[in-house]
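Good morning, everyone. Please have a look at the next slide. I will take you through it piece by piece.

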Amino acid sequence: MQVSSLNEVKIYSLSCGKSLPEWLSDRKKRALQKKDVDVRRRIELIQDFEMPTVCTTIKVSKDGQYILATGTYKPRVRCYDTYQLSLKFERCLDSEVVTFETLSDDYSKIVFLHNDRYVEFHSQSGFYYKTRIPKFGRDFSYHYPSCDLYFVGASSEVYRLNLEQGRYLNPLQTDAAENNVCDINSVHGLFATGTIEGRVECWDPRTRGRVGVLDCALSSVTADSEINSLPTISALKFNGALTMAVGTSTGQVLLYDLRSDKPLLVKDHQYGLPIKSVHFQDSLDLILSADSRIIKMWNKNSGKIFTSLEPEHDLNDVCLYPSSGMLLTANEAPKMGIYYIPVLGPAPRWCSFLDNLTEELEENPESTVYDDYKFVTKKDLENLGLTHLIGSPFLRAYMHGFFMDIRLYHKVKLMVNPFAYEEYRKDKIRQKIEETRAQRVQLKKLPKVNKELALKLIEEEEEKQKSTWKKKVKSLPNILTDDRFKVMFENPDFQVDEESEEFRLLNPLVSKISEKRKKKLRLLEQQELHGKEEEEEPEGKPSDAESSESSDDEKDWVAEVRKQRRLLQQEEKVKRQEQLREDQQTVLKPQFYEIKAGEEFRSFKDSATKQKLMNKTLEDRLKLEAKNGTLSVSDTTVGSKQLTFTLKKSEQQKKQQEAEKLHRQERKAVRRSAGHLRSRPRRGRPFH
């Protein structure tokens, strides 16, 4: 239990302390309570009084027995039974809840307004009915005499849903573009809605006519308040027949008497945050107003602060338990806050033991340690030689040591060690020296890799520290001390190659840029010493001289780059000549290749062609063979494919076939010539 006090008003936080996970077994919870002091001392007033992630709204039923809260994630509603001090039920919903209201005295009739325009009704057994409104809703109120639900939201109309007839009625047309909040006076039934223009419109539900308009935005501006935007109405609450409190988005709370259009009192939270909720505490004439950071309790007659409460997490909703001093909060955290303020009223009936507990705490306050006493252990007494004082009035036993007067302690300390001041002085001097050393680059030795680069960075860092201009220059992280660049000074693969072409061409430019930076730094220091403005030119140096100097610098590094390029070209030419000379001196030796058994060597060209053919796919090889005539594809009668391969003939076989063909042709020619000679008659001899 955590106790805070402001204006002599004690506030007991009953929800502070460590929270145990739900999946933890009871045995492990008991073991933790034995080991951990914080877990053992915490007060769990209601079991599992929390949400998975965030709690958005929290309310108490009219009979005071049930506490209902909505939160995320997933969207859900939880109902806690105060008589059992535990969770009664939990229901998951389809979307997040904007606000909700209990229509009955217990949890048997609940209405939820969702952020997706749905209005959901729940009964005692669970989900009952769901309907939808035309525009996105922000708040609603229930008018008991007519059974009407009034919905306000991102529209100028106020939608009316009659629960007796089960249908929508004609809406109320307001002059505002949008409406944020609404409330109904429980005494005479006046309906009021707060607009984004900073006005409050009051309507009579019986005649469905507007009876008055209050311009709260103009009234909230006072001499002490600072307002940067138009105040909108963010909270609205009636108290009795004539009193109404209005909260604005700029952090003001206005208290009105309905018979007047001027506020009775304007209270500023001084945070500039929208007011989340406003509640009345009638026994002490207090008003409880809350924004996302603080809950303020102040007198409604004078506006004087009674007390305030600032939780650890941002607030979403605040609920005052009726006729008691208990305060419930919905936070931007899993835990829901429970605070008990005895001055506001007694504890509720279901936790009446809180009164006895707080009374015991007030009667037996915890012992405090004063500044005029020194706590020492038994070992300290042995070092000081004061062990003989144990049991005397000079030492008071406490826990694992003793309390003694601080003056006696200093006297004995000085007698035991008379040179304590000199040691103290040396320690202070040593601390100052270490502080100055800590500002420098902490590097004992140069790294093994990129030593030149590390030395350059160290020199630049020292120049920045010596410079007086460093106050106006944004400090940048040092590469040597940054873990992201640690490998660059450890891994040899990151060694800068100064003989490479890129480095030799870039080095003149880098060196020239660093020189320019140093010149600019010196120029800025001179301007600061002379006390001149930055836009003024330095004395004795016109702008054209500066431009001529920069042009000379550019010419210098351009010439240096060209020189390096010429040197690189010459080195490349020398390398080519040496390579050519080596090629001429080398004697080429014949290379022998082994031919596999069964193969015939024809030429290197054929082997290369065969190798290319082997690298191709089967489909490509088949296409090539079909093109050469060694493969034919035909369809059979049954629908399948038939492949016919023709063996490829070698060159020797082709020559032999050509020779045989030529030989056959010659024989045919000889035969034809011989037959012709036989058929010709002989000359000179007669024919008989």
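In which strand is the place of Val 213? Val 213 sits in strand S18, residues 209–215. Strands here are DSSP runs of E with at least two residues, helices are runs of H or I with at least four, and both are numbered from the N terminus.

A word on the source. This is a predicted model, where local features need pLDDT of at least 70, side-chain atom pairs count only at pLDDT 80 or more, and totals for chains, interfaces and linings use all residues. Residues are numbered from 1 along each chain as its sequence is written, and side-chain values use heavy atoms, with hydrogens and water left out.

Back to Val 213. Is Val 213 buried or exposed, or partly exposed? Val 213 counts as partly exposed, because its relative accessibility is 41%. The cut-offs are these: buried is under 20% relative accessible area, exposed is over 50%, and partly exposed is in between, with a 1.4 Å probe and protein chains only.

Which residue is 12 residues from Val 213 in sequence and 4.6 Å away in space? That is Glu 201, with the distance taken from C-alpha to C-alpha. Glu 201 is buried, because its relative accessible area is 1%. Glu 201 also forms a salt bridge with Arg 210, and their closest N and O atoms are 3.4 Å apart. A salt bridge means a side-chain nitrogen of Lys or Arg within 4 Å of a carboxyl oxygen of Asp or Glu. Arg 210 is partly exposed, because its relative accessible area is 37%.

Now the other salt bridges. How many does the structure hold? It holds 12. One of them joins the side chains of Glu 178 and Arg 138, at 2.7 Å from N to O. This pair links distant parts of the chain, 40 residues apart. Glu 178 is in the loop between strand S14 (167–173) and strand S15 (179–184), while Arg 138 is in strand S11, residues 137–143. Glu 178 is partly exposed, because its relative accessible area is 25%. Arg 138 counts as partly exposed too, at 32% relative accessibility.

Next, Arg 206 and Asp 204. They form a salt bridge, with the closest N and O atoms 3.1 Å apart. Arg 206 is exposed, because its relative accessible area is 69%. Asp 204 is buried, because its value is 14%. There is a network as well: salt bridges link Arg 76, Arg 78 and Glu 90.

On to the backbone. Most residues other than glycine have a negative phi, and most peptide bonds are trans. Where do we find a cis peptide bond with omega of about -10°? Look between Thr 72 and Tyr 73. A cis peptide bond also joins Tyr 73 and Lys 74, with omega about 15°. Tyr 73 is in the loop between strand S4 (66–72) and strand S5 (76–81). Lys 74 has its place in the loop between S4 and S5.

What about positive phi? Asp 48 is not a glycine, yet its phi is positive, about 55°. Its loop runs between helix H2 (37–41) and S3. Asp 48 counts as partly exposed, because its relative accessibility is 27%. Gln 270 has a positive phi near 70°. Gln 270 lies in the loop between strand S22 (265–268) and strand S23 (277–281). It counts as exposed, because its relative accessibility is 60%.

Now Ser 61. We find Ser 61 in the loop between strand S3 (54–60) and strand S4 (66–72). Ser 61 counts as buried, because its relative accessibility is 1%. Which side chain does Ser 61 join in a polar contact of 2.5 Å? The partner is Asp 63.

Two last stops. Arg 396 lies in strand S31, residues 396–398. Arg 396 is exposed, because its relative accessible area is 63%. From Arg 396 to Phe 375 is 21 residues in sequence and 9.5 Å in space, C-alpha to C-alpha.

Finally, Asp 497. Its place is in the loop between helix H8 (451–466) and helix H9 (501–530). Asp 497 counts as partly exposed, because its relative accessibility is 46%.

That is my tour. Thank you.

Conventions:
Polar contact = N/O pair within 3.5 Å; in protein donor to acceptor, adjacent residues only side chain to side chain.
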